[in-house]
Amino acid sequence: MEFFVLGEEEIILGFNLVGIQGRIARSREEAAEGFDFAVSREGLKVLIMTEEAAALIEDKVAEWNMSGLFPLLGELPGLQGRLEGKKTLVESIREAVGISV
């Protein structure tokens, strides 16, 4: 399975240590360019983004998620921690199902 990461420089360096390539996204332009590059890669299955990078291109992320295409998009907290107002996966499941998991 092929992965790609988009986010802060330190996050990219960490993923590079385990062989996962990525691009730095400090601005909306860098995030959009990195996103377009990643989703156009043949064989890419999972695009991991920091919440900050995803927030910069929220419209592109929402559109891609609705398309049902690969790569799958995953968000992880950045260096500053979880963005305020963002739900965890467990919280989203709990809200959708209505029970604790």
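Visitor: Does Trp64 count as buried or exposed?

Guide: This is a predicted model, in which local features need pLDDT of at least 70, side-chain atom pairs count only at pLDDT 80 or more, and totals for chains, interfaces and linings use all residues. Residues are numbered from 1 along each chain as its sequence is written, and side-chain values use heavy atoms, with hydrogens and water left out. Buried means under 20% relative accessible area, exposed over 50%, and partly exposed in between (1.4 Å probe, protein chains only). Trp64 has a relative accessibility of 16%, so Trp64 counts as buried.

Visitor: How many aromatic pairs does a search of the whole structure find?

Guide: Rings of Phe, Tyr and Trp (its six-membered ring) pair if their centres lie within 6.5 Å; planes under 30 degrees apart count as stacked, over 60 as edge-to-face and the rest as tilted. Searching the whole structure on this basis gives 2 aromatic pairs.

Visitor: What is the angle between the planes of Phe35 and Trp64?

Guide: Phe35 and Trp64 form an edge-to-face pair, 6.1 Å centre to centre. The angle between their planes is 90°.

Visitor: Which ring does the charged end of Arg23 sit over?

Guide: A charge sits over a ring if NZ of Lys or CZ of Arg is within 6 Å of the ring centre and within 35 degrees of the ring normal. The charged end of Arg23 lies 3.9 Å from the centre of the ring of Phe37.
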